[in-house]
Amino acid sequence: MEKKEINGHLHVRYRRPELTEAELKEKAKQFFQEMNLRRTVREFDSRPVPLEVMENIILTAGTAPSGAHKEPWTFCLISDPDIKKKIREAAEEEERISYSQRMPEDWKADLKPLGTDWEKPFLEEAPYLIVVFKQSYGIQNGEKIQHYYVSESVGIACGLLIAAIHQCGLVTVTHTPSPMNFLSKILNRPENEKPFLLLPVGFAKEETYVPDLQRKSLEEILVRY
Ligand code: IYR
């Protein structure tokens, strides 16, 4: 590998394949069409997923860019039915209060088309749960180390995680029970880690229906200068 010292730090030569214009257009279109098939799914099949697949999905999430390359994330992978049960029970307890007392009527009206409620059977039915934690700071040799743009970095990592889940034919739902501190307790996470996102992962149930949603058009999301 070609290496070079720049400002006293070793750098490695970086190259990407040179594509023709036609190949470039085709690749961009294909990737969009594939990602456009992604849907949030809340119903899971009991078919198991190999652990190796989950490990590669998490490795993919870990390729995300992060502030000063501090990689301020921890991914907890749960297959233990007892832990899944504990998480479901705690999440449903919070959600029951949210739906009955905390969420304003407007919010509940916005969720009507999605058909969500306080019940979260998917937290036990999916073969795996991934709980993503953001590290507000790091710990190295017992010393605190500064992390930067933590939510942005972990948010991007979750985007890659979701893309990786989708491209191997699996499904997920980005679940954010609120408040989420019960996850730190159940999973016994250290003080520097805060729960960020909970994602059940598995195959979609054989006959699954998702809301008939439309995405915004290019003209609605793109401003040309
Ligand atoms: N956290 C709740 C409510 C909820 C909120 C939004 I915004 C959603 O897009 C979906 C659900 C729940 O998980 O049901």
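How do the residues of the shell around the ligand divide into nonpolar, polar and charged?

1. **Ligand shell.** The shell divides into two nonpolar residues, four polar and one charged. The residues surrounding the ligand are Glu-95, Leu-111, Thr-116, His-175, Thr-176, Pro-177 and Ser-178. Note that this is a predicted model.

2. **Overall layout.** The chain holds eight helices and eight strands. Its C-alpha trace spans about 60 × 50 × 40 Å along the principal axes. The chain has 225 residues, and 24% of them count as buried. Among contacts with a separation of 6 or more, 78% come from residues 24 or more positions apart.

3. Four strands make an open sheet in the order 3-4-8-7, with antiparallel pairing. Strand 3 and strand 7 (171-172) are the edge strands, each pairing on one side only. Six bridges link strand 3 and strand 4, again in the antiparallel sense. Within this pair, Ile-78 stands opposite Leu-129 of strand 4.

4. **The nonpolar core.** The largest nonpolar core counts 36 residues, and Leu-129, Val-132 and Val-201 have the most contacts inside it. At least two residues each come from helix 2, strand 3, helix 3 (81-102), helix 5 (122-125), strand 4, helix 6 and strand 8. Helix 6 gives the most, with seven residues.

5. **Leu-129.** This residue deserves a separate look. Beyond its neighbours within four places in sequence, Leu-129 is in contact with Ile-78, Lys-84, Ile-87, Leu-123, Leu-198 and Pro-200. Ile-78 is also the residue that stands opposite Leu-129.

6. **Helix 2.** Which residues of helix 2 (residues 51-61) are buried? They are Met-54, Ile-57 and Ala-61. Seen down the helix axis, these buried residues fall within an arc of 60°, so they line one face of helix 2. An α-helix has 3.6 residues a turn, so residues three or four places apart point the same way. The face turned away from the buried side carries the exposed residues Glu-52, Glu-55 and Leu-59. The cover over the buried residues of helix 2 includes strand 3 (73-78), strand 4 (128-135), helix 6 and strand 8 (193-202).

7. **The hairpin of strands 5 and 6.** Strand 5 (residues 137-140) and strand 6 (residues 143-146) pair in the antiparallel sense over four bridges. Gln-140 stands opposite Glu-143 of strand 6. Two residues lie between the strands of this hairpin, and Asn-141 takes a positive phi near 50°.

8. **Tyr-149.** Tyr-149 sits in the loop between strand 6 and helix 6. Its phi is positive, about 45°, although Tyr-149 is not a glycine. Is Tyr-149 buried, exposed or partly exposed? Tyr-149 is partly exposed, because 15 other C-beta atoms lie within 10 Å.

9. **Val-150.** Helix 6 (residues 150-167) includes Val-150. Val-150 is partly exposed, with 19 other C-beta atoms within 10 Å. The cut-off matters here: a residue is buried if 20 or more other C-beta atoms lie within 10 Å of its own. Leaving aside neighbours within four places in sequence, Val-150 is in contact with Pro-72, Lys-134, Gln-135 and Ser-136. Gln-135 is 15 residues from Val-150 in sequence, yet their C-alpha atoms are 7.1 Å apart in space.

10. **Asn-7.** Where is Asn-7 found? Asn-7 is in the loop between strand 1 (3-6) and strand 2 (9-12). The phi of Asn-7 is near 50°, a positive value in a residue other than glycine.

11. **The cis peptide.** Ser-178 and Pro-179 are joined by a cis peptide bond, with omega about -5°. Pro-179 lies in the loop between strand 7 and helix 7 (182-186). Ser-178 is also one of the residues surrounding the ligand.

Technical notes. Residues are numbered from 1 along each chain as its sequence is written. This is a predicted model: local features need pLDDT of at least 70, side-chain atom pairs count only at pLDDT 80 or more; totals for chains, interfaces and linings use all residues. A residue is buried if 20 or more other C-beta atoms lie within 10 Å of its own, exposed if 12 or fewer, and partly exposed in between; C-beta atoms are placed from the backbone. Two residues are in contact if their C-beta atoms, placed from the backbone, lie within 7 Å. A residue is near a molecule or strand if its C-beta atom, placed from the backbone, lies within 6 Å of it. Ala, Val, Leu, Ile, Met, Phe, Trp, Tyr, Cys and Pro count as nonpolar, Asp, Glu, Lys and Arg as charged, and the others, Gly among them, as polar. The arc is that of the directions from the helix axis to the C-beta atoms. A nonpolar core is a set of buried Ala, Val, Leu, Ile, Met, Phe, Trp, Tyr and Cys residues joined through C-beta atoms within 7 Å. Two strands pair if DSSP finds at least two bridges between them.
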